Amino acid sequence: MAEKYVQLIVTRQDTPDSTPYNEEFKVPYRPGMNVISALMEVQRNPVNAQGQKTKPVVWESNCLEEVCGACSMVINGKPRQACSALVDKLEQPIRIAPMTTFPVQRDLSVDRSRMFDALKRVKAWIPIDGTYDLGPGPRMAEVDRQWAYELSKCMTCGVCLEACPNVNSKNPFIGPFAISQVRLFNEHPTGKMNKHERLEALMAEGGIGECGNSQNCVQSCPKGIPLTTSIAHMNRETTKQAIKSFFFS
């Protein structure tokens, strides 16, 4: 029997400033392969489809369970996680490219600092330094805990920013993931003490006002997070904060 192969067309870039180019590979097929395992075959034997020796493809991955968010890339035109992209469900040749929203470091590896800077900007954490001796914190009602858990699934993968038409190099929009995280921490019993600071950050340049409501984010989110619901909720919250600031500043 003839051996089956998986055809890959990878968009490569040798340095952050160099010109991207495409390189084609053929790797042996195995049942149950995902895009990561196909790239691992290229790494094991870096020879392109023309039989020429080449450099191994550079990409990022960690958990391989769609939890860490590191292996985000554009596969057949759709931003998604490479670990959950099964070869049997993809049209061949499989076209793999880095996300265009972020600066390319090399090949499929991108710099997602924009996302982490956005989380710092909206203070997406609960400051509890010095409260260790105050006993356990307040309990959350089960119904609140359940939807909060859905929001906490965000893995900072960057897929929602890649899908959003309002996120680009000329627009400072922080993105839907950060807005959803503000909702998560503002509704936390302890996180509420910094609620106004997060709302003020959302109301600043590049905040929630830059959202065009395209809803691409909620359709592309690998974890199914209700991002547009969070955006609608935070629109109301920032409006109330603006009124409060106007009359009581």
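The model is predicted, so local features need pLDDT of at least 70 and side-chain atom pairs count only at pLDDT 80 or more, while totals for chains, interfaces and linings use all residues. Residues are numbered from 1 along each chain as its sequence is written, and side-chain values use heavy atoms, with hydrogens and water left out.

Let's start with the largest nonpolar core, which has 35 residues. By nonpolar core I mean buried Ala, Val, Leu, Ile, Met, Phe, Trp, Tyr and Cys residues joined through side-chain atoms within 4.5 Å. Buried is under 20% relative accessible area, with a 1.4 Å probe and protein chains only. V122, L161, I174, F177, I179, L202 and M234 touch the most other members. Two or more residues each come from elements including α2 (113–121), α4 (159–163) and α8 (227–248); helices here are DSSP runs of H or I, at least four residues, numbered from the N terminus. The largest share, six residues, comes from α5.

So how much of α5 is buried? The count is 11 of the 11 residues, so α5 is largely enclosed by the rest of the structure. Its buried residues pack against α2, α3, α4, α6, α7 and α8. Look at F177: beyond four places in sequence, F177 touches residues including M115, C154 and L227, where contact means heavy atoms within 4.5 Å.

Finally, please find N34, in the loop between β2 and α1. N34 is buried, at 14% relative accessible area. Leaving aside neighbours within four places, N34 contacts A82, C83, A85, L86 and V87.

Terms used: Buried means under 20% relative accessible area, exposed over 50%, partly exposed in between (1.4 Å probe, protein chains only).
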